[in-house]
Structure formats: structure tokens, C-alpha cells
Amino acid sequence: MVRFENVGMRYGAGPEVLRDISFSLAPASFHFLTGPSGAGKSSLLRLMYLAYRPSRGVVSLFGQDVTTIQRQARSKMRRRIGVIYQDFRLLEHQSVFDNVALPLRIAGAKEDQIKTHVTELLTWVGLEDHVGSLPTTLSGGEQQRVAIARAVIARPSLLLADEPTGNVDDVIAVRLLYLFEELNRMGTTVIVATHNQSLIDRFKHDQIHLSQGGVEVRRVDS
Amino acid sequence: MPASHIDLPLSNDPAVRILPWIVGLMVYLATMTLAGGLLVAALAANWSAGLTGTVTIHIVATEDTSAETLDEQVDQAVRLALKTPGVISVEPMPMANVAGLLAPWLGDTAGTMDLPLPRIIDVRIDEDDTDVAALKSRLEAEIPGAGLDDHQLWRDRLVTFLRVMELIAIVMVALIGITTVSVVVFATRSGLAVHNDAIEILHLIGAYDEYIAGQFQSQALTLGLKGGAAGSVAGIVSLLALALAASNLDTGLLPLTLFQTWHWPILISLPFAAAFIVRQTAKHTVLRALGRML
């Protein structure tokens with residue numbers, strides 16, 4: 001599903017923020033991405049959601065080398081990846097409904113299907129009363145749920161979450177993790193970048209641990 | 001696949017809001033320039049047609065030539081012309097008319113002064129059947145002081161003038177087009193910069209470049225049509241006003257009646273052409289910018 005081989009990454013002409021990263025993740029697996037601040041967690045995720053190219057090495061997603069695929073194929077690959085950004089990155093001028101509907105519209109779904117699925121998902125995340133609201137009128141936790149709904153609406157094969165519990169209390173954080181586990185059970189490969197040790201301890205999943213630009217995959221005892 | 005749903009708030013951009021005004025102004029200028037070019041072409045064609053099929057025989061009088069001799073020479077030239085195959089009619093110009101032609105230089109008394117005025121004979125010919133060169137040779141050989149003008153030099157100058165005017169009109173319309181394209185490129189780049197974050201989100205969610213470009217091109221087409229229509233209406237109203245003012249002058253200096261039926265569709269198509277150019281420019285500007293993204 002996800003394979004890194006001797007991957008290095010740098011921003012512009014700066015120093016390498018990731019060095020010789022090699023690991024592979026099986027389909028439908030669940031991993032926490034851990035490590036100290038500045039270890040390169042967000043950079044690793046950026047490589048996975050195809051926002052950046054590796055400066056060296058090979059990154060493969062879904063069995064394809066992402067550095068060599070055609071532009072259109074890369075866009076198609078992105079549709080199989082759901083991303084929850086640390087800062088949500090919602091379209092502020094669009095309603096909650098339109099934000100969540102975005103991946104389906106981009107994929108060319110019909111409006112009646114979009115309406116059904118988006119309404120259903122917004123009810124599921126408890127935002128049925130905010131369908132027409134603008135993101136700026138919502139609390140941080142509500143915006144996060146919109147971001148999650150947008151990330152999962154198209155049933156991605158790979159879900160990447162960058163500090164998804166950073167802006168919510170422990171109760172909501174636990175509920176979010178249950179939600180990710182449910183998606184994982186349905187076949188989605190999930191990677192959650194987090195600093196929250198209590199969540200890591202509570203939800204027993206393998207870890208991709210980054211430190212000083214290197215990587216270590218830690219297996220949990222089953 | 002182009003976007004059918006607008007995800008970017010492009011209509012709020014200051015650079016986009018000014019776009020219809022710029023397009024309107026450009027279409028107005030293009031309408032007036034093109035109308036001027038078409039009018040000049042029609043005018044020149046009209047003048048040229050007036051000269052086609054006519055030649056002028058002139059007999060220059062000297063101080064020694066008496067009026068009677070000149071009259072005989074005119075008769076001789078008329079007979080000679082009439083015998084020439086292809087000549088339709090021959091008509092000596094009355095001396096009063098000749099004096100009238102010279103009046104701007106010699107004053108109204110030119111006809112009464114004892115001046116050796118030339119005699120002029122209008123000859124209508126069938127250009128295909130008349131050997132103008134042979135007629136000219138015979139006139140010059142048989143009648144002292146006689147010559148023939150087929151207006152070729154004047155026609156050549158007219159054609160040159162016409163070509164220059166047409167070229168100027170084409171260059172002006174091209175400059176207007178280039179200016180419009182530049183403004184659209186600027187407005188689109190401004191929109192790309194303002195909405196960079198939203199565009200990146202669309203891009204990362206998996207939008208094809210054409211989907212994102214579609215957002216800009218739909219907006220550009222709508223604004224281009226609005227501005228273009230306004231500019232076109234203003235241009236046509238201005239032309240009609242000019243026509244009205246020119247008809248009051250009654251001088252024939254600005255014969256807008258020379259406008260042909262087929263000229264109007266050309267002028268009316270300008271806003272559509274402008275809107276298409278605006279749309280394509282926006283599309284290609286966005287595609288080029290997106291091409292630099294991963």
C-alpha cells in the first residue's frame with residue numbers, strides 16, 4: 001500500500017528533513033506516526049499525500065511509483081487519499097455542505113448522490129444542524145469534524161491525519177480514534193500523526209517513529 | 001473535466017471585478033477601429049470604382065494655339081477616340097467646368113481670363129476591349145499637345161493609401177487584443193495568487209487541472225460577455241450617432257451609407273470574439289500556472 005525506499009526530502013536548497021527513510025505498510029493497516037517536534041512527521045505525510053516530491057529514493061503508493069506517474073494519474077491517485085490537515089484547510093467561503101461535498105464533485109458524482117451522502121455523513125459526525133453554516137462560524141472541534149467528513153466522504157483507500165486531536169478535548173479525541181478504527185475495519189489504511197501519548201497507549205496500533213530524520217517501525221504486541 | 005460548480009470565490013477579486021470594464025472599453029475601441037477600417041476600404045473602393053472604365057484626354061494649349069485650332073483638335077480627338085474599339089462614349093468637358101476645376105488655384109475668374117486653359121475630354125471605355133496604350137500613342141502622334149490619362153497613378157496611390165489604412169486598423173485591433181490578453185493574464189494571475197490555498201486544496205483532493213481552470217474560464221467567459229456586450233452596444237450607438245451627424249453635414253465626407261450589410265455581423269461578432277479570447281487566455285494562464293505545481 002505504502003512503500004518508502006531510501007527516501008530523502010529537503011525543502012528547496014535546505015538541509016534534508018528526511019534521510020534514508022525506508023518502510024512499507026500493508027493495506028488496511030493502522031499506524032500512529034510519532035516522533036518529537038521537527039522530526040519530519042508532517043513532511044512524511046506531505047510525501048504521502050503527494051504535495052511534495054522526494055529529493056531522492058522511491059515512494060510507492062498503491063503499487064505505483066509516485067515520482068514517475070503521469071499528471072492525470074497522480075490526480076486520480078490523490079482521490080484515493082483522504083487527508084485531515086492539522087489546520088483543517090477548509091474553504092472558508094463555502095458552506096459546511098459544500099466543503100464536505102468537494103471530493104465527490106471533483107470526482108464527478110451526481111448532485112443527488114452528493115446530497116444523500118453528504119447529508120448522511122454530516123448527521124453521522126453530528127453536524128446536521130450546520131449544513132449551511134460557513135466554517136468560520138463553527139468551533140474548532142466542529143471545523144475538525146467537517147475536515148474529517150471531507151477526508152472520508154469519498155471512502156479513501158488511504159487516510160492521513162496530521163495531529164487530528166490537537167484542537168479537541170480527550171473525549172472527542174477518543175471518539176475520533178474510534179471513527180478512524182471503524183474506517184480501518186472497512187479496509188482503509190490509516191496513518192495518524194500524533195503527540196498524544198495517552199491515545200497511543202489506549203489504542204494499540206503499530207507506530208512509525210521518526211527521530212533525527214530516520215525512521216523505525218514499532219510493532220505492538222498482539 | 002471542467003468544473004460545473006464554482007468552488008473559488010473569484011467574483012470578489014478586485015482584479016476580476018474590473019475585467020468587464022476593461023473588456024468593454026477594448027471592444028468599444030475595436031468596434032470603432034474596425035468600423036473605421038471597413039469604412040475607409042469601402043470609401044476607397046467606391047472612389048476606385050468611379051474611376052474604373054474612364055480615361056481622360058487632355059489637350060494642352062500653348063500661347064500660339066488659337067481657340068479655333070483647339071476646337072478642331074478637340075473634334076479630331078473625339079473622332080479618333082470614337083473610332084477606337086471598346087470606346088463607349090466621348091464627351092468634351094465644357095470650358096466652364098474646366099475653369100471650375102481650376103477655380104481653387106486661379107479664382108472664380110479663371111474662365112474669363114485670357115489664359116490658355118487645357119481642353120479635357122471624358123472617355124468611357126470597356127476596359128477589356130480597349131487598347132488604351134494604342135489610343136494614347138495615336139493621340140500623341142496625331143494631335144500636338146494631346147495626352148491621355150488612365151488614372152493609373154492616382155489609382156495606385158489610392159490602393160497604397162487603402163492598404164496603409166487597413167494595416168493601421170489591423171495593427172490597432174491587434175494591439176487592442178494584446179492589451180486585453182495582458183489584462184486577463186494579470187487578473188487571472190492575481191486570482192491565482194489570492195486563491196492559492198483553495199487551489200492547492202482542490203489540487204490535493206484530486207482535481208484535474210482542467211477542473212480548476214474551468215472555474216476561471218467560466219468566470220472569465222461570463223465577465224467577457226458582459227463587458228463585451230456593453231462595449232459593443234456603446235460602439236454601435238456611437239457609429240449611429242456619427243452617421244446621424246454626418247447626414248446633417250451633407251458633404252459626403254463621411255459616407256456611413258457605404259457600410260455594407262456584411263460589415264455589421266463582423267462588428268457584432270466582436271464581443272463574442274473578445275469573450276472567447278478572454279476565456280481561452282484565463283484557461284491557458286491557469287493551466288500554465290498549475291503545470292508548475294506537482
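Colleague: In chain B, which helix has the highest confidence?
Modeller: Chain B averages a pLDDT of 86, and 92% of the residues score at least 70. Within chain B, confidence is lowest in helix α4 (residues 95-106), where the mean is 78. Where pLDDT is low, the predicted coordinates should not be read in detail. At the other end, with a mean of 94, confidence is highest in helix α9 (residues 263-291) of chain B.

Colleague: How many residues of the side of chain A that touches chain B are charged?
Modeller: The contact joins 20 residues of chain A to 14 residues of chain B. On the chain A side, helices α2 (71-78) and α3 (96-106) each supply at least two residues. That side of chain A divides into 9 nonpolar residues and 5 polar ones, and the number that are charged is 6.

Colleague: Are α3(A) and α5(A) roughly parallel or roughly antiparallel to each other?
Modeller: The axes of α3(A) and helix α5 (residues 140-152) of chain A come within 7 Å and cross at roughly 30°. Angles under 35 degrees count as roughly parallel, and therefore the relation of α3(A) to α5(A) is roughly parallel.

Colleague: Which residues of α5(A) make the contact with α3(A)?
Modeller: α3(A) passes α5(A) in a right-handed crossing. From α3(A), the contact is made by V96(A), N99(A), V100(A), L102(A) and P103(A). Over both helices, the contact residues divide into 6 nonpolar, 1 polar and 1 charged. On the α5(A) side, the residues are V146(A), A149(A) and R150(A).

Colleague: Which residue just after α7(B) takes a positive phi?
Modeller: Helix α7 (residues 196-205) of chain B is mostly covered, with 7 of its 10 residues buried. Among them are A198(B), I199(B) and H203(B), as well as I205(B). Just after this helix, the residue with a positive phi, of about 115°, is G206(B).

Conventions:
Residues are numbered from 1 along each chain as its sequence is written. Chains are lettered from A and ligands numbered from 1 in the order in which they are written. This is a predicted model: local features need pLDDT of at least 70, side-chain atom pairs count only at pLDDT 80 or more; totals for chains, interfaces and linings use all residues. pLDDT is the predictor's confidence in each residue, from 0 to 100. Helices (H or I, at least four residues) and strands (E, at least two) are DSSP runs, numbered from the N terminus. A residue is buried if 20 or more other C-beta atoms lie within 10 Å of its own, exposed if 12 or fewer, and partly exposed in between; C-beta atoms are placed from the backbone. Two residues are in contact if their C-beta atoms, placed from the backbone, lie within 7 Å. Ala, Val, Leu, Ile, Met, Phe, Trp, Tyr, Cys and Pro count as nonpolar, Asp, Glu, Lys and Arg as charged, and the others, Gly among them, as polar. Axes are lines fitted to C-alpha atoms, for helices over the stretch in contact, and angles run from 0 to 180 degrees between N-to-C directions. Angles under 35 degrees count as roughly parallel, over 145 as roughly antiparallel, 65 to 115 as roughly perpendicular and the rest as oblique. A crossing is left-handed if the near helix is turned anticlockwise from the far one by less than a right angle, and right-handed if clockwise.
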